[in-house]
Amino acid sequence: MVTINIGMLHYVIDHIYGAFMHRTKISPQFFSRGWGGSKLELLERMIKNLFPEVEGQNSPPSLIQPTWRTVWETRNACLREGVFRTTCDEQLISAMPPESHTARVAFLAPKHVPPHKMACVVHLAGTGDHSFDRRLHLGGPLLKENIATMVLESPFYGRRRPMMQHGSKLLCVSDLLLLGRATIDETRSLLHWLDYEAGFGKMGVCGLSMGGVHAAMVGSLHPTPVATLPFLSPHSAVVAFCEGILRYGTAWEALREDLAVQKPAMTLEDVRERMRNVLSLTDVTRFPIPKNPNAVIFVAATDDGYIPKHSVLELQKAWPGSEVRWVTGGHVSSFLLHNDEFRRAIVDGLNRLEWKEPPF
């Protein structure tokens, strides 16, 4: 009788999927156009400015007024799509491709329930998630709990993808930082809109993989308590691109050639060290502790080939009061099989927040 180690099987599936996606010639590698030159320097400065000298002094979210259209509605629910101009700083907008200047959201909400008796969670995109569909599928069953779902299309993804970019393979390292910074700014503005314009009683933010990193950043920087729910997420992009499977899909030689223009003797190890330094800006353990760390729930996989356990535990250690829940599986299998666990975390995280005072 042959005994199969299920955990190892999940881990192997991650590596097979990763090899197919990132070690074949089916699609280009990440960062095939290099570092991004002056754009990267701008982003390094601006991301460092995210961290205020005095805790709680980070800038308030920008105000937005999305333009909405109804996609469909039933007796009990309504799906709308909205657009608004990205809320990034003008310097960042000038660095973004024109296709990314307009933000798009889907908004699925129950009908006939006062907003102050509802919660809404903003769902952020993981790597390769170019449409609203998967996240609407995750949030849809929560309608019966009076939890609405708002889905943000990431810059560089979907209709916001630059013409020269193939799929999710960002052309420059600066694009990764720009995607993250814009996502943070836009999500904070959406949460502010849900709070002050739409009047929701509770808010949250969640995301899977890369989207979970961005969700953690938003939860950290938002001025009011929100449920923060990172799923299958590392504490930093360093883990994904320097330690995990995505390192096989990274154009290290193109990055070396880009740096060699200024410093001809660059080795590949020098390039990897430069990447670690740049991506250390995405280390969520450097971000402030969220306003209500008890409403932070990480869901991680026991045999994740992309995200090692130590990375998840570093985040929990940095944010005392937060909770880690483990699901059995790898990155790919958990993404496919554990939506109920993700939904349970959303419900539980929101339950740990106080309801806002209802309007008079």
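A residue counts as buried when its relative accessible area is under 20%, as exposed when over 50%, and as partly exposed in between (1.4 Å probe, protein chains only). Phe342, with a relative accessible area of 0%, is buried. The structure here is a predicted model, in which local features need pLDDT of at least 70, side-chain atom pairs count only at pLDDT 80 or more, and totals for chains, interfaces and linings use all residues. Residues are numbered from 1 along each chain as its sequence is written, and side-chain values use heavy atoms, leaving out hydrogens and water.

Let's start with the whole protein. Of its 360 residues, 57% count as buried. The secondary structure comes to twelve helices and nine strands; these are DSSP runs (helices H or I, at least four residues; strands E, at least two), numbered from the N terminus.

Now for the rings. Rings of Phe, Tyr and Trp (its six-membered ring) pair if their centres lie within 6.5 Å; planes under 30 degrees apart are stacked, over 60 edge-to-face, and the rest tilted. The count comes to nine aromatic pairs, including these:

| Pair | Type | Centre to centre | Between planes |
|---|---|---|---|
| Trp68 and Trp193 | tilted | 5.5 Å | 45° |
| Phe231 and Phe342 | stacked | 4.7 Å | 15° |

Trp68 lies in strand S1 and Trp193 in helix H5, so their pair ties together parts 125 residues apart in sequence. Trp68 is partly exposed at 22%, whereas Trp193 is buried at 9%. Phe231, in strand S7, and Phe342, in helix H12, are 111 residues apart. Phe231 is buried too, at 1% relative accessibility.
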